[in-house]
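Let's take a friendly walk through this model together. Have the sequence and the 3D view at hand.

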Amino acid sequence: MRNPGVKQLGSVSQGFRVMFYMLQPNETSFQSLEEVPDYVKQATPVFISLILLELVVSWIRRGKPPGRLDDALTSMSAGVLSRLPGLFFRSIEVTSYVYVWENYRLCNLPWDSPWTWYLTFIGVDFGYYWFHRMAHEVNFMWAGHQAHHSSEDYNLSTALRQSVLQIYTSWIFYCPLALFIPPSVYAVHLQFNLLYQFWIHTEVIDNLGPLELILNTPSHHRVHHGRNRYCIDKNFAGTLIIWDRMFGTFEAENEKVVYGLTHPINTFEPFKVQFHHLLYMWTTFWDTPGFFNKFSVIFKGPGWSPGKPRLGLSEDIPQVTGKEVPFCSSASQWLKLYTVLQFALMLVFYEDTFADSMVLSQLTLLLRVGFIMLTLTCIGFLLDQRPKAASVETLRCLVFLMLYRLGHLKLMVPSLSFTLEIFFSVCVAFWGVRSVKQLVPWK
């Protein structure tokens, strides 16, 4: 998977079918790991197309967009953050699998057999079910996974709200497959399982009839994202809902689902979205008396406390009234448009960085990643209307001009270079004045 250019998706049809797990074994079987395409990266145009389609359908059916701009930006920011480590090293889900395969495999199933392909489909989905369930039932694993549940909207952008930490625990659940399934086959299904889960994050699709019995669908996954009491710790499926039906964690959608964490974090700052539960665990660990109780803070459920069952008590979960109002940014529409523009510019450098990662120096990679993280932080500060937002944004614009002049950041359209420098110079002056006069929040 280190050379995604080896084999690209051959058609628009393939690009869309990969999102629904509808490719055939003969289209997606590879002898070596290096031949496996980066299907997730190649799916970016499909992500954008489906998000735009969802927007149009939502306007037609409900007369409003499927979510809020500030929430969508935060979800996409989380998606960007989650992929940055891939610039420096291969995913631990792959490296750990290869290690087990090379040192402990019991047999070698043929990589080009349809039976191996379908067995891997079942095995990866089964492993995902148990990882996902443990990510809700074990507190230190929930600290990584909770970022995905922090959105109070439910749309296709929510699918992009991925965790930076989750990958460091999920790999354990796939390692048994490495005893007999070749890494190239596993790498294909690991990506397909993730891509399938993109389209089920929507409210514009209602019920899919008989498919609801077998597949994970938007209806089933809406329940999973709900903070209603009947939704908690239900429907952990990746592709097949049969696992939830078999292991007693299935719940059908009935009353209106209210989305998000049971205790909303009320922020759009990406690092707080990712790591706030770790800080909560740290505080709770030291405040909880007794060694075994401290151990339980880490390894029991996020709702546990001394004297309670492993997963806590359902009555401790705040009751949903149906009148909950999602946390919204108080920033003006102009400021929100500004954050969208800065996010779009950041995406240009983000995509360029991944495209050229093999030829860029380590220094340039580090500086670009630092600038991307600083940009995402500033967008969160501006949306949260933090008192220091203007000062941090001034610094970020100055950093951009410095990196641009030194050649660490480049535009794919050189003719726009002068315009971009003028734009960021104006931003430095504007935010510098606002910082000095302490006029944040800007409304």
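Asp-352 counts as buried because its relative accessibility is 11%, where buried means under 20% relative accessible area, with a 1.4 Å probe and protein chains only. Asp-352 belongs to helix H14, residues 333-355; helices here are DSSP runs of H or I, at least four residues, numbered from the N terminus. Leaving aside neighbours within four places in sequence, Asp-352 is in contact (heavy atoms within 4.5 Å) with Arg-368, Lys-410 and Met-412.

## How to read the values

This is a predicted model, in which local features need pLDDT of at least 70 and side-chain atom pairs count only at pLDDT 80 or more, while totals for chains, interfaces and linings use all residues. Residues are numbered from 1 along each chain as its sequence is written, and side-chain values use heavy atoms, leaving out hydrogens and water.

## Nonpolar cores

A nonpolar core is a set of buried Ala, Val, Leu, Ile, Met, Phe, Trp, Tyr and Cys residues joined through side-chain atoms within 4.5 Å. The largest one has 32 residues, and Val-18, Met-19 and Phe-47 are among those with the most contacts inside it. Helices H2, H3, H5, H6 and H9 each supply at least two residues of this core, and H9 gives the largest share, 7 residues.

Beyond its neighbours within four places in sequence, Phe-47 touches Met-19, Val-40, Leu-160, Leu-195 and Phe-198. A second, separate core of 25 residues includes Ala-331, Phe-381, Tyr-404 and Cys-427.

Notes: Buried means under 20% relative accessible area, exposed over 50%, partly exposed in between (1.4 Å probe, protein chains only).
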